[in-house]
Amino acid sequence: MSHQRVEPLDVEAIRAEYPILDQSVDGTPLVYLDSAATAQTPDPVVDAMSDYYRESNANVHRGIHHLSQQASVAYEEAHDRVAEFVGASGGRKELVFTKNTTESENLIAHAWGLRELGPGDEVVLTQMEHHASLVTWQQIAMRTGADVKYIEVTEDGRLDMDHARKCITDDTAMLSAVHVSNTLGTVNPVNELVDLAHEHDALTFIDGAQAVPTRPVDVEEIGADFYAFSGHKMAGPTGIGCLYGKEDLLAELDPYLYGGGMIRKVTYDDSSWGEVPWKFEPGTPPIAEAVGLHAAVDYLEEIGMERVQAHEERLAEAAYDALSAIDGLTIYGPEPGPDRAGLVSFTLANVHAHDLASICNDHAVAIRAGDHCTQPLHDTLGVAATARASFYVYNSVDEIDPLVEAIEDAQALFG
Amino acid sequence: MGTGSDMYRQQILDHYKNPRNYGELEDPTFSHVGENPMCGDEIRMDVVLDETDDGATIEQVAFSGDGCAISQASASMLTSTLQGKTVDELLSMERDDVTDMLGVDISPMRIKCAVLAEKVAQDGAEIYRGDADGEKTTIED
């Protein structure tokens with residue numbers, strides 16, 4: 001595995017930049033294992049945003065004055081910087097800021113899907129899609145008369161690629177697949193999926209919400225037509241997400257939302273649109289958040305995404321080993337390895353996931369319990385809810401111990 | 001250890017592990033189903049009423065379903081207290097009555113679990129009386 005080749009993270013030094021982690025819950029030191037829901041935000045990112053508000057805050061694009069120029073340059077450059085981080089050579093012409101991954105999905109589903117889909121067309125998803133993609137394409141398909149197909153998940157939590165080859169046909173208009181499952185932790189073979197779709201002249205949308213924060217991602221190497229991710233899972237702020245799209249595809253799409261800042265010319269009768277990305281970013285955009293996301297990307301690149309990935313894999317492996325030693329505990333998703341990300345979902349016999357999360361909270365261990373916005377996948381797994389522990393750069397292997405203690409406490413209580 | 005540990009006192013664990021009045025009644029006057037979509041918990045309440053001119057009294061009540069310790073214990077305890085109560089008394093119950101019955105502090109994120117059974121019983125009674133309609137109760141807030 002890759003972590004044998006890269007220098008390990010200095011977790012102690014990293015944690016010094018996350019004062020939020022240095023606190024106790026009712027006298028017990030906090031153990032934050034919910035980064036797949038939202039990652040914590042390091043000082044350099046918080047500082048960049050507060051410096052922006054203290055020194056450069058103004059509205060963008062329209063101002064001639066000094067502050068507006070500063071804000072505009074910072075906002076525009078953030079597009080280029082984030083594009084570069086995920087390997088999009090077109091810079092801002094290929095990178096749109098949205099509210100989050102969900103809005104990125106909605107943007108393409110509306111701007112492209114409502115125009116292009118119709119009866120006889122198929123949208124191919126996976127059984128492990130997050131609701132962000134699943135609900136969006138399901139609803140757009142219902143409105144357009146298109147069909148939705150789901151690539152099945154195997155017993156060991158991977159995509160059934162034989163089934164994928166059956167699902168993706170000449171009738172497939174769009175393949176939308178999650179890069180890293182937020183429930184199973186599976187790292188899907190997105191290059192292969194994209195190639196399969198392209199062989200049938202279908203477009204591809206990859207949900208990278210759990211991938212971009214945790215591993216090197218190069219959208220051009222993957223070959224995806226569209227690729228989405230969120231700021232708050234990658235050490236950045238909430239309120240900003242990204243949509244990568246190939247330059248020619250974004251250029252020919254009409255806007256999804258309308259308003260100011262996105263137009264070229266407006267009359268009482270008609271309007272024409274500005275350039276990408278502005279035509280997809282109407283209204284006052286998340287300017288401070290863009291500055292924060294720029295800082296987050298700088299921060300992650302300084303650590304090195306190969307090292308982040310190796311750290312995640314090491315934690316996933318340690319958690320997998322420690323949890324699988326507990327009687328009555330079931331882990332979902334593939335075994336540790338290169339196709340397993342740093343999150344572990346599990347159930348404990350006789351203890352409901354929400355009770356488990358409550359008891360973990362008594363131990364100051366923050367985990368998530370529920371359906372993780374993958375209800376159909378939970379139906380397939382045959383469970384109503386799972387508990388999920390997830391990790392990031394600031395977590396140490398030692399933090400798995402209090403998790404195990406909490407689980408054993410729950411077991412003793414309910415046994 | 002935090003305050004939340006109080007949620008799992010012996011009484012609640014006892015009702016969770018040995019639920020009272022668990023199952024389905026053969027010939028209920030009304031039955032109703034409800035769910036908490038946040039955690040997928042689902043509870044069905046079956047009620048047999050003794051109806052006289054003075055009003056309706058709950059003669060028998062049972063619950064079934066799956067869920068967390070809080071929702072299941074709450075259903076078990078509720079069914080134990082409902083027998084002999086009138087429908088009016090059931091309908092006048094409030095959220096506090098359930099948390100008082102549980103006898104522990106329920107954390108804000110878990111309150112929906114605690115009140116699910118009460119809401120299902122009350123909605124079922126209202127639908128039976130014709131004061132409400134709807135097929136399934138969903139706890140929204």
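I looked up Cys113(B) in this predicted model, and found that the cysteine sulfur closest to its own belongs to Cys68(B), at 3.9 Å. A disulfide needs the two sulfur atoms within 2.5 Å, so this pair is too far apart for a bond. I noted that Cys113(B) is buried, with 1% relative accessibility, whereas Cys373(A) is partly exposed at 34%.

I then turned to the largest nonpolar core, which has 78 residues, and wrote down the members that touch the most others: Phe97(A), Tyr227(A), Phe229(A), Met234(A), Tyr392(A), Val393(A) and Tyr394(A). Helix α10 of chain A, residues 287-303, gives the most to this core, with eleven residues. Domain 1 (2-39 + 305-414) and domain 2 (46-302) of chain A each supply at least three residues to this core. Apart from it I found another core of 69 residues, which includes Ile331(A) and Ile407(A) as well as Val120(B) and Ile139(B).

For Phe97(A) I set aside the neighbours within four places in sequence, and the contacts I then listed include Tyr75(A), His79(A), Ile240(A), Cys242(A), Glu281(A) and Leu293(A).

Last, I checked the confidence: the model scores ipTM 0.83 and pTM 0.93. Chain B has a mean pLDDT of 89, with 94% of its residues at 70 or more.

Technical notes: Residues are numbered from 1 along each chain as its sequence is written. Chains are lettered from A and ligands numbered from 1 in the order in which they are written. This is a predicted model: local features need pLDDT of at least 70, side-chain atom pairs count only at pLDDT 80 or more; totals for chains, interfaces and linings use all residues. Side-chain values use heavy atoms; hydrogens and water are left out. A nonpolar core is a set of buried Ala, Val, Leu, Ile, Met, Phe, Trp, Tyr and Cys residues joined through side-chain atoms within 4.5 Å. Buried means under 20% relative accessible area, exposed over 50%, partly exposed in between (1.4 Å probe, protein chains only). Helices (H or I, at least four residues) and strands (E, at least two) are DSSP runs, numbered from the N terminus. Domain bounds come from an automatic or database domain assignment. Contact means heavy atoms within 4.5 Å. pLDDT is the predictor's confidence in each residue, from 0 to 100.
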